[in-house]
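Visitor: I am new to this structure and would like to learn how to read it. Could we take a look together?

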Amino acid sequence: MSWITETPWPGVILLIGIAAVCLLLGLRQKLRIAGVCLFLAALLYVVEGAIVTPAEMLDEPLEALRQGFVADSEDQVLAQISPAAPEVRELAKQGLQRVRVSPLLHIQDVRVTPSADGRAAEVLFRANGPLTDRQSNMLRQAATRWKTEWRQEDGNWKLFRVQRLHPITGEEVGVLSAQ
């Protein structure tokens, strides 16, 4: 992915900087260049807002899934998981029964790889933060890494497959393992 489709700010700041220099120099030719730069900066901002990358499309459902776990809401969590993935739905239910997720849990290092047809995507991310074991009521800091597959169903992205990876080695570990 190109930085220009993720954020307009580097280009906008560069163009505004060029316009500022041109305005400070104050020559007639430089004023035209300043005007063009300001127009291009505005155009870049508008165009970038219209471009939705796969990563941006999956931000919302991924955050909704996190919020469902934080809210301890089985309905909210299951709303983000495909009905065609009963094993993932069951894992989510078991996870909710085992741990309480803190609002301090955050998702970072999100990498999205869309399929060729754009109807599925692989999402790799880290989820780090405090979890409380429901059985022992012990709080622990979790550093986790995940490989997930999302599919579009009726215009909405739904979680279809999930793998938990070791945070350092990247090897697969059990989704609900204590590691």
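Visitor: Which helices and strands each supply at least two residues of the lining of the largest pocket?

Guide: First, this is a predicted model, where local features need pLDDT of at least 70, side-chain atom pairs count only at pLDDT 80 or more, and totals for chains, interfaces and linings use all residues. Residues are numbered from 1 along each chain as its sequence is written, and side-chain values use heavy atoms, without hydrogens or water.

Helices (H or I, at least four residues) and strands (E, at least two) are DSSP runs numbered from the N terminus. A pocket is an open set of points on a 1 Å grid over the protein atoms alone where a 1.4 Å probe fits, with protein on both sides within 12 Å along at least five of seven lines; lining residues have an atom within 4 Å of a point. Here the contributors are helices α4 (54–70) and α6 (86–98), with strands β1 (99–101), β3 (120–133), β4 (139–153) and β5 (156–165). Strand β4 gives the most, 6 residues.

Visitor: How much space lies in the largest pocket, and which lining residues are closest to its centre?

Guide: Volume is the space filled by probe spheres set on grid points joined across faces, edges and corners. The largest pocket holds about 760 Å³. Among its 32 lining residues, F69, V99, W146, V175 and L176 are the closest to the centre.

Visitor: Is G17 buried, partly exposed or exposed?

Guide: Buried means under 20% relative accessible area, exposed over 50%, and partly exposed in between (1.4 Å probe, protein chains only). G17, in helix α2 (residues 9–25), is partly exposed because its relative accessible area is 30%. V47, in helix α3 (residues 28–50), is partly exposed with 40%.
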